[in-house]
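Dear colleague,

I am handing over the structure we spoke about, and my notes on it follow below. Please read them with the coordinates open beside you.

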Amino acid sequence: MKPSLSDATAFADIPADVLLAIDAVSEWFSVPAGWPLINAGEPPDGVYFLASGSLAAFKPADRGGHQLLGYIRQGEPVGEMAMIAREPHSASVFAMRDSEILKLPPAAFDLLVHAYPAMMEHIARIMLQRARATGKGSPRSDPKVYAFISTSPTIDIELRARTLQAALKRLGARAVTITEKDVLAISSEGMNSAWFDALEQKNDAVFLVSPIADTRWFRTCIRQADRIWFFARADALPSTPLLPPEEPSPARQFRLVDVILLHHGMDRKAASTNEWRIACDAARLFHWRGLEDADAARLARVIARRSIGLVLSGGGARAYAHIGVVRALREAGLPFDVIGGTSMGAVVAACVAMGWDNEEIERRISKAFVESNPLGDYILPVVGLVRGKRVDDRLQEHFGETLIEDLEVPFFAVSTNLVAGDVRVHRGGLLRRALRASIALPGILPPVVDGDHSLLVDGAVLRNFPVDTMRDLHRGPIIGVDVARRDGIDLEDFRDPPGFFGWIAAHGWQSPPPIASLLMRAATVTIDPWEGRSGADLLIAPEMPDIDMRDWKRFDDAITAGYESAVAALQRPHGLFQQPQNDVIGNLAGWSSLETAD
């Protein structure tokens with residue numbers, strides 16, 4: 001029987017006669033899971049309404065891939081913007097599970113818009129909500145149905161699901177866990193799209209739980225999920241590929257897959273973290289070290305769309321201010337669930353991702369950059385003013401052989417590939433090597449040669465404040481800390497400048513010459529140093545008018561400026577939670593722990 005939009009809760013505020021008119025002139029058809037409804041670039045041929053099932057919108061990505069924009073829920077329109085503008089579709093829409101669609105042809109849409117203004121008002125509200133929600137971690141932009149798949153019979157996947165269900169309850173979110181036992185009494189006809197629709201409407205998250213097995217329920221889980229989470233033991237070796245290619249799944253098709261790597265005390269390392277990522281073809285990887293711990297709390301925040309991303313900009317010595325900001329945010333009880341940065345911001349972000357406390361971060365940064373000049377090994381320039389060995393030694397001393405994928409907190413660093421002329425986002429591999437590339441200021445530090453087609457330099461050349469990079473990796477609120485300044489050049493340094501040895505005689509070996517500022521400004525002259533600030537939900541921009549990017553000895557002053565700026569920002573009303581931050585602190589103070597009251 002043809003479905004009716006009157007059954008959709010999304011249309012509860014639309015007059016019954018409007019819904020009846022849509023039903024009367026609409027075309028009804030089905031789209032199998034994984035099939036396209038709309039392809040980017042195609043001309044509009046009507047407006048679609050999702051009667052049941054699940055759709056997702058994607059924009060074209062590099063090398064023929066897809067980047068998720070968001071999900072379309074029951075009763076919502078699809079393709080309305082292209083239809084109204086009479087322009088080609090800017091995104092593709094695919095069925096995430098078997099879906100039923102009602103289509104209004106162009107003539108019928110135009111007729112109903114004129115006859116029933118209430119329908120256009122409803123669509124306009126949805127369009128406005130989508131525009132505001134794009135990338136902001138709204139319910140529409142995030143998954144609701146998860147497949148929790150255990151890769152080993154020794155993993156108690158139901159216990160893990162119940163633990164996350166309890167953690168979500170503490171955050172005020174409702175989740176339901178569905179196992180094979182729960183569906184044995186349901187016929188194949190009963191377990192259809194409408195059944196999943198009902199689960200979605202009643203819950204903030206739905207967990208479909210199954211081990212990897214040759215069963216109908218397992219195949220249902222991976223085919224019906226918005227996102228797949230593979231739970232794996234850190235002391236086990238994955239089979240590659242983990243699933244046979246004949247097991248179709250829209251989530252796998254679009255790499256909406258994550259690995260949750262479980263640690264059991266002192267793991268006997270059987271495979272690298274990256275081997276698990278490759279085996280699952282995963283887009284993200286999380287570590288879960290205990291049971292009811294900080295890692296479980298982080299996963300719950302990710303599911304509840306309350307995880308927090310922290311972005312730290314480059315800025316030379318001015319980036320010391322990030323240390324003060326981190327201290328203030330921690331004192332306020334705010335957790336960091338994904339963290340990344342550029343140049344010196346990436347170095348401080350890496351310290352946080354290592355799990356170091358405030359005192360250890362200060363001690364290590366002071367030792368590496370304040371107690372002696374890491375840029376002091378000057379040479380006659382061929383590819384840089386300094387040899388770079390001091391920087392290499394300090395990164396080796398403090399970060400050793402740590403891999404990015406093994407860090408406590410998911411992390412990324414940004415560098416610039418001069419050969420390709422694009423941004424390199426480091427999400428795996430040797431941490432110190434990624435940091436070395438991210439801080440390779442052109443003309444100062446030698447660049448990093450990576451393979452046959454990559455020459456990596458400071459990320460600030462193209463992306464000094466990588467909020468958009470964070471937005472691509474993380475769907476929740478973002479706190480951005482930008483220490484850039486527009487007036488990064490002191491003209492007095494260039495009026496009758498002394499020679500090299502004259503500069504050294506006047507300033508010593510610890511103070512880099514003005515060419516450092518000159519090269520940095522020349523490398524980034526076409527880039528707005530404040531680009532991306534509007535993308536942060538909470539922006540912290542420490543005021544340090546008298547601190548230059550070369551003032552490596554102004555350690556304490558910069559940290560104090562960052563701390564005071566963060567405290568002030570937390571007291572101001574802002575768009576992060578649509579309420580004054582001092583009211584939010586009480587709500588967020590327990591986010592980093594599961595020991596909060598029910």
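This is a predicted model: local features need pLDDT of at least 70, side-chain atom pairs count only at pLDDT 80 or more; totals for chains, interfaces and linings use all residues.

Two packed helices are described by the angle between their axes and the distance between the axes. Here, α15 (residues 389-399) and α16 (residues 431-438) pack at an angle of about 145 degrees, and their axes are 9 Å apart. On the α15 side the contact is made by V391, D392, L395, Q396 and F399, which meet L431, R432, L435 and R436 of α16. Sorted by class, the residues of this contact are 5 nonpolar, 1 polar and 3 charged.

The next item is a sheet. It is open and has 6 strands, which run in the order β8-β9-β7-β10-β11-β12 with parallel pairing. At its edges are β8 (175-178) and β12 (284-288), each of which pairs on one side only, and neighbouring strands are turned against each other by 25 degrees on average, with direction ignored. Within the sheet, β7 (residues 145-150) and β10 (residues 227-233) are joined in the parallel sense over 5 bridges, and A147 has I228 in β10 as its bridge partner.

Helix α11 (residues 294-303) packs on this sheet, where it touches β7, β9 (205-211), β10, β11 (257-262) and β12, and its direction makes about 145 degrees with that of β12. Because 9 of the 10 residues of α11 are buried, this helix is largely enclosed by the rest of the structure. The buried residues are D295, A296, A297, R298, L299, A300, R301, V302 and I303, and they pack against α5 (157-170) as well as against β7, β9, β10, β11 and β12. At the N-terminal end, α11 is capped by D293, which has a side-chain oxygen 3.2 Å from the backbone nitrogen of D295, while after the helix comes R305, with a positive phi near 65 degrees.

The side chain of N358 makes a polar contact of 2.8 Å with the side chain of R330. With neighbours within four places in sequence left aside, N358 is in contact with V326, R327 and R330.

With best regards

Methods. Residues are numbered from 1 along each chain as its sequence is written. Side-chain values use heavy atoms; hydrogens and water are left out. Two strands pair if DSSP finds at least two bridges between them. Helices (H or I, at least four residues) and strands (E, at least two) are DSSP runs, numbered from the N terminus. Axes are lines fitted to C-alpha atoms, for helices over the stretch in contact, and angles run from 0 to 180 degrees between N-to-C directions. Contact means heavy atoms within 4.5 Å. Ala, Val, Leu, Ile, Met, Phe, Trp, Tyr, Cys and Pro count as nonpolar, Asp, Glu, Lys and Arg as charged, and the others, Gly among them, as polar. Buried means under 20% relative accessible area, exposed over 50%, partly exposed in between (1.4 Å probe, protein chains only). A polar contact is a pair of N or O atoms within 3.5 Å; within protein, one must be able to donate a hydrogen and the other to accept it, and residues adjacent in sequence count only if both atoms are side-chain atoms.
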